[in-house]
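Subject: Structure handover, with notes

Dear colleague,

I am passing on the structure for you to look at alongside these notes. Please keep it open while you read, as the notes go from the domains to the ligands and then to the helices.

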Amino acid sequence: MGCESLKLERLKLGLGERSYSIWIGGGILSDLSQALEEVKFPRKVAVVANPRVQALYGGALADALCACDREYHYITIADGEHYKNWSTLQTIYDALIALDFDRHCGLIALGGGVTGDISGFAAATFLRGIPYIQVPTTLLAQVDSSVGGKTAINHPRGKNLIGAFYQPRHVHIDVHTLQSLDAREFAAGMAEVIKYGVIRDRSFFDWLHNHRKDLRKRKDQALVEAVKRACQIKANIVEIDEKESALRAILNFGHTFGHAVESLSEYRVYRHGEAVAIGMVVAARISCQLGLCSADDIDTIRDLLRAFDLPVDPPDYPLDAWLDAMKHDKKVQRGVLRLVLNKGVGDCLVREIADPAPLFADALKELKPSR
Ligand SMILES: NC(=O)c1ccc[n+]([C@@H]2O[C@H](COP(=O)([O-])OP(=O)(O)OC[C@H]3O[C@@H](n4cnc5c(N)ncnc54)[C@H](O)[C@@H]3O)[C@@H](O)[C@H]2O)c1
Ligand SMILES: O=C(O)C(=O)C[C@@H](O)[C@H](O)[C@H](O)COP(=O)(O)O
Ligand SMILES: [Zn+2]
């Protein structure tokens, strides 16, 4: 693991008056003032974080907020995917009301994707919308959830079923925060990074393969490059289709099955990224069955996931349970499941699947760990 000095990278996500910058650097957590001034962020701020992240980075962020003359308050939420729910959202609303927040106050989400998604949804709905900033501290949040404005909470029957599209004013990514992540969380983030290569960019996929050792060692330069390329791919897609009327659905590769893995296991067993890793292998298998990729392509994808110690084998639930869980996927149209399928490695498409049962039965049989 290393902390070399790094150039600040600035990306732009262009959405007219809702455009914002994504800054990526090392050690930039303590230097938020320029970004806050650029977006005229409110003077009264609430930072949402869980106890672990608050203990690690709350002090540095508090110093940064003091340095730019912000009145700040911390709102502490419980740690874990199974707390991405109504009750935690209510905790945030209660705190904002107790702090006399008005529309000229702002939220900062400091943490992983759970904190980012729930804080973003609180910001979207409190007083019908207050400004917020994403300060992601997991790899998954830095490459995916902090960018693009999908905010949500889970429902026991399905992932992210209650939410809103609501863009942040700024995304502030400090890759040095990734040094304190445990190995499992780091790997979970790599699943979403690999996703971008599979759906959109073969050269990025190959770069990930060639730099897997540096990435596993969390070398700063490799991390910045991976985060930057991932955010750029996502930003390009969101700029074209902010609200997922078409193209954006490809960012859901591996998620139809992955979300079913999460909800069937009650959000307590698999990290989101782990579930997506399994879901991508299932999607690749179905792509192969439909003639869109070769068996070698499945192996290529699975091998890179395994190189980061990600799970690739679907857990053992009955076929009916899988099919029922996938009914709640947001890509379903008029009751028909739509899957994102890879064309080789580096390209993909979305296809309606009128009769998913035989395809999934076959994929699950083929992917049984004993083969
Ligand atoms: N909105 C989107 O576009 C989008 C995209 C992808 C995923 N998501 C959502 O993101 C969530 C998953 O996010 P996640 O993987 O970041 O999980 P998470 O937010 O639960 O964070 C994982 C763990 O890492 C800890 N942590 C955070 N930063 C740390 C750090 N720097 N050092 C040490 N520990 C740290 C957290 O306390 C937590 O225990 C899911 O709910 C998923 O649905 C949303
Ligand atoms: O940004 C998107 O669009 C994505 O689909 C990114 C996914 O990685 C992410 O997990 C997202 O939250 C899933 O969206 P959902 O609409 O299926 O809940
Ligand atoms: Zn995801």
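Throughout these notes, two residues are said to be in contact if their C-beta atoms, placed from the backbone, lie within 7 Å. This is a predicted model, in which local features need pLDDT of at least 70 and side-chain atom pairs count only at pLDDT 80 or more, while totals for chains, interfaces and linings use all residues. Residues are numbered from 1 along each chain as its sequence is written, and chains are lettered from A and ligands numbered from 1 in the order in which they are written.

The domains

The protein is divided into domain 1 (9-181) and domain 2 (194-366), with bounds that come from an automatic or database domain assignment. The centres of domain 1 and domain 2, taken over C-alpha atoms, are separated by 26 Å, and 27 residues of domain 1 are in contact with 24 residues of domain 2. On the side of domain 1 that touches domain 2, at least two residues each are supplied by strand S1 (9-13), strand S2 (20-25), H5 and S8; helices (H or I, at least four residues) and strands (E, at least two) are DSSP runs, numbered from the N terminus. That side of domain 1 divides into 13 nonpolar, nine polar and five charged residues, where Ala, Val, Leu, Ile, Met, Phe, Trp, Tyr, Cys and Pro count as nonpolar, Asp, Glu, Lys and Arg as charged, and the others, Gly among them, as polar.

The ligands

A residue is taken to be near a ligand if its C-beta atom, placed from the backbone, lies within 6 Å of it. Of the 31 residues around ligand 1, those that come nearest are Gly112, Gly113, Val114, Thr138 and Ser145. Elements that give two or more residues to this shell include helix H2 (51-67), helix H4 (113-125), helix H5 (139-145), strand S8 (158-165) and helix H6 (183-200). The shell around ligand 1 has seven nonpolar, 14 polar and ten charged residues, and ligand 1 lies between domain 1 and domain 2 because both give residues to its shell.

Around ligand 2 are Asp144, Gly148, Lys150, Lys159, Asn160, Glu192, Glu244, Arg248, Leu251, Asn252, His255 and Lys330. By class, these are one nonpolar, four polar and seven charged residues, and at least three residues of the shell come from each of domain 1 and domain 2.

The helix packing

For the helix pairs, axes are lines fitted to C-alpha atoms over the stretch in contact, and angles run from 0 to 180 degrees between N-to-C directions. Angles under 35 degrees count as roughly parallel, over 145 as roughly antiparallel, 65 to 115 as roughly perpendicular and the rest as oblique.

Helix H10 (residues 255-264) packs against helix H11 (residues 272-289) at an angle of about 135°, with the axes 7 Å apart, which makes H10 oblique to H11. On the H10 side the contact includes His255, Phe257 and Val261, and on the H11 side Ala275, Ile278 and Val282 are among the residues involved. The contact of H10 with H11 has seven nonpolar, five polar and one charged residues.

H10 also packs against helix H13 (residues 319-326), at an angle of about 110° and with the axes 9 Å apart, and the two helices are therefore roughly perpendicular to each other. Here Thr256, Phe257, Ala260, Ser263 and Leu264 of H10 meet Ala321, Trp322, Ala325 and Met326 of H13, a contact with seven nonpolar, two polar and no charged residues.

With regards
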